[in-house]
Structures are given as structure tokens and as C-alpha cells.
Amino acid sequence: MKDLQQTIEKVWDDRALLSDKEYQKAIREVIELLDSGKLRVAQPLEDGKWQVNEWVKKAVVLYFPIQKMETYEIGIFEYHDKIPLKTGYAEKGVRVVPHAVARKGAYISSGAILMPSYVNIGAYVDEGTMVDTWATVGSCAQVGKNVHLSGGVGIGGVLEPLQAAPVIIGNNCFIGSRCIVVEGVHVDDEAVLGANVTLTSSTKIIDVSGSEPKEYRGYVPPRSVVIPGSITKKFPAGEYNVNCALIIGTRKESTDKKTSLNDALREHNVSV
């Protein structure tokens with residue numbers, strides 16, 4: 001990997017090398033490693049933190065200029081793009097429902113289910129996860145094991161700036177319908193997001209389950225149950241309510257890891 005990294009760094013600094021077949025081969029090797037899950041844009045460390053592999057993101061960016069536009073015909077459908085679609089789902093043990101689409105360079109683990117949805121290049125979807133109808137997993141996003149991305153969920157992608165962390169969804173999370181998680185937000189293991197929660201890097205995530213509020217930004221602690229909220233903010237024209245997210249409690253130990261969103265919210269007396 002060290003040699004491969006050095007090669008990618010070299011061609012990144014000198015784009016004239018993109019015409020050299022050996023450098024093109026190195027770029028495509030990184031894409032194949034991403035596609036097979038042997039390499040990740042970001043990986044968990046033993047201390048619970050995540051390491052972003054910037055050189056891998058560089059390879060993804062460099063993949064586009066060396067690819068030619070091609071037309072792909074799949075049944076009655078036609079696509080015209082630089083990036084081929086992912087194939088070989090049967091041997092990978094992945095269930096793919098029409099019209100789900102995943103690009104080459106995205107890793108979809110065994111036991112995952114793709115309803116009509118979209119997974120972009122560089123993304124990582126771990127085993128047992130369901131990407132539900134019209135959900136999208138953006139480039140380089142990292143989604144853990146046994147996650148349910150409900151209908152219409154938008155998991156943001158990121159390629160540049162290179163140092164920017166991708167969105168990370170931990171293991172056993174439940175992301176409710178029409179949620180939006182972008183700009184490198186980290187939703188930690190077993191968290192539950194209620195429908196329509198929007199999380200950006202600047203969104204205030206306020207734990208209101210105790211006697212005093214506790215504020216987070218860009219991070220949802222493990223087992224948190226989160227719903228949409230609003231807070232009052234002063235502007236020159238007056239005071240207005242802006243969106244925030246409220247942590248109203250945590251999942252009980254008795255709650256099954258695959259609990260429905262309704263059950264998790266009812267535990268905290270929230271109407272569903």
C-alpha cells in the first residue's frame with residue numbers, strides 16, 4: 001500500500017503523468033481495492049476515532065479524468081457516464097432490487113440490501129445494512145453494520161477538500177425517513193434519528209434528556225434517540241426559529257438492535 005500511495009501522490013502533484021499507462025494502472029488498482037472493500041477512504045481506529053485516507057480520495061478524483069465516456073445498456077435502460085456500474089452481486093451475497101444503482105468503487109458487503117437507491121463511488125456499506133427506497137449514499141460515506149437507511153434518506157458525499165471527513169454512520173443505527181446527514185457528521189453506534197432530522201457540521205445537536213442541555217456539533221453519541229427541533233436565534237430583522245436536533249434520551253438496553261423507529265420513539269413518549 002505504501003508504494004501505491006506514493007504513486008498516487010506523485011501523479012496528484014504532476015497531472016501530466018495521467019497519460020502514462022502505469023500511473024493509470026495504479027489509479028484503477030485503488031478503485032478495485034475500494035470496490036472489494038480491501039481499502040477504505042476512512043477507517044476506524046482502536047481509540048474510536050476515524051482516520052481519513054486522503055491519498056485514496058485523491059485516487060478517486062484522478063479516476064474521472066482517465067475514464068472515457070461510455071454508453072451502458074441494461075435492458076430498456078441506457079446510461080452514459082465515465083464510471084461503470086457495480087456488478088457481480090450474486091457472488092457477493094447482496095440483494096439488489098430494481099432500480100438500485102451502485103457505482104464501481106463502492107463497497108457493498110454481503111447481506112446488504114439495496115432497494116431502489118443509489119450508492120456512489122468510494123462509499124462503504126457494511127454487512128446487513130438496508131439502503132431503502134430512494135435513499136442515497138454519497139461518495140466516500142461510511143455506513144456500518146445492520147444499519148437501516150429509511151426511505152428518502154440522504155447521506156452526503158465528499159471528495160474535496162481532501163482533508164474533510166466523510167459522513168460516518170455507526171453500526172446498528174436507524175436513520176428515519178427523509179433524514180439528511182451531510183458535511184462529515186458522525187452518527188455513532190446504535191443511534192436512532194427520527195424522521196426529517198437534518199444534520200450538518202454546524203447543526204446544533206442538543207441533549208435535552210437531563211436537567212441541563214448539552215450541546216454537540218457534528219457528532220451524535222452512541223444510542224442517542226434524536227428528533228427534529230428548533231431554537232430561537234437573533235437576527236438584525238428580529239428573532240426567528242432555526243433548525244436543530246434534540247437528543248431526547250438513549251435506547252434502552254432491552255431494546256433490540258434492530259428495533260423499529262416507532263418503538264424507539266415510543267419509549268420516550270414521542271408521538272409517531
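The legends below describe close-up views of a predicted model.

View 1. Helix α2 covers residues 21-36. Its 16 residues should span 22 Å at 1.5 Å a residue, and the end C-alpha atoms are 22 Å apart, which agrees. The buried residues of α2 include Tyr-23, Ala-26, Ile-27, Val-30, Leu-33 and Leu-34. The elements that the buried residues of α2 pack against are α1 (2-13), α3 (54-66) and β7 (107-108).

**View 2. The nonpolar cores.** The largest nonpolar core has 38 residues, and Ile-169 and Val-187 are those with the most contacts inside it. A second, separate core of 28 residues includes Ile-27, Leu-33, Val-61 and Leu-62. In soluble globular proteins, nonpolar side chains tend to be buried together. Leaving aside residues up to four places away in sequence, Ile-169 touches Val-187 as well as Gln-142, Val-143, Gly-144, Val-147, Ile-155, Ile-175 and Val-181.

**View 3. The salt bridge between Lys-58 and Glu-9.** The closest N and O atoms of Lys-58 and Glu-9 are 2.5 Å apart. Lys-58 lies in helix α3 and Glu-9 in helix α1, so the pair ties together parts that are 49 residues apart in sequence. Lys-58 is buried, with a relative accessible area of 11%, whereas Glu-9 is partly exposed at 23% relative accessibility.

**View 4. The salt bridge between Asp-35 and Lys-86.** The side chains of Asp-35 and Lys-86 meet at 3.0 Å, N to O. Asp-35 belongs to helix α2 and Lys-86 to the loop between β4 and α4 (89-92), so the pair ties together parts that are 51 residues apart in sequence. Asp-35 and Lys-86 are both buried.

**View 5. The salt bridge between Arg-223 and Glu-190.** The closest N and O atoms of Arg-223 and Glu-190 are 2.1 Å apart. Arg-223 is in the loop between β24 (219-220) and β25 (224-235), and Glu-190 is in the loop between β19 (186-187) and β20 (192-193), so the pair ties together parts that are 33 residues apart in sequence. Arg-223 and Glu-190 are both buried.

**View 6. A nonpolar patch on the surface.** Ile-74, Ile-76 and Phe-77 form this patch, with about 330 Å² of accessible area together. Ile-76 sits in the loop between β3 (70-74) and β4 (77-81). Ile-76 counts as exposed because its relative accessibility is 80%, over the 50% cut-off.

**View 7. Ser-139 in its loop.** Ser-139 lies between β12 (136-137) and β13 (142-143). Ser-139 counts as buried because its relative accessibility is 10%, under the 20% cut-off. Not counting residues up to four places away in sequence, Ser-139 touches Asn-120, Ile-121, Gly-157, Val-158 and Leu-159.

Conventions:
Residues numbered from 1 in each chain as written. Predicted model: local features only at pLDDT ≥ 70, side-chain atom pairs only at ≥ 80, totals over all residues. Heavy atoms only, no water. Patch = residues over 30% accessible without salt bridge, like charges linked within 9 Å, V, L, I, M, F, W, Y side chains within 5 Å. Areas by Shrake-Rupley, 256 points an atom, 1.4 Å probe, with all protein chains shown as cover. Salt bridge = Lys/Arg side-chain N within 4 Å of Asp/Glu carboxyl O. Helix = DSSP H or I, 4+ residues; strand = E, 2+ residues; numbered from the N terminus. Buried < 20%, exposed > 50% of the residue type's maximum accessible area, 1.4 Å probe, protein only. Core = buried A, V, L, I, M, F, W, Y, C linked by side-chain atoms within 4.5 Å. Contact = heavy atoms within 4.5 Å. Expected span 1.5 Å × (residues − 1).
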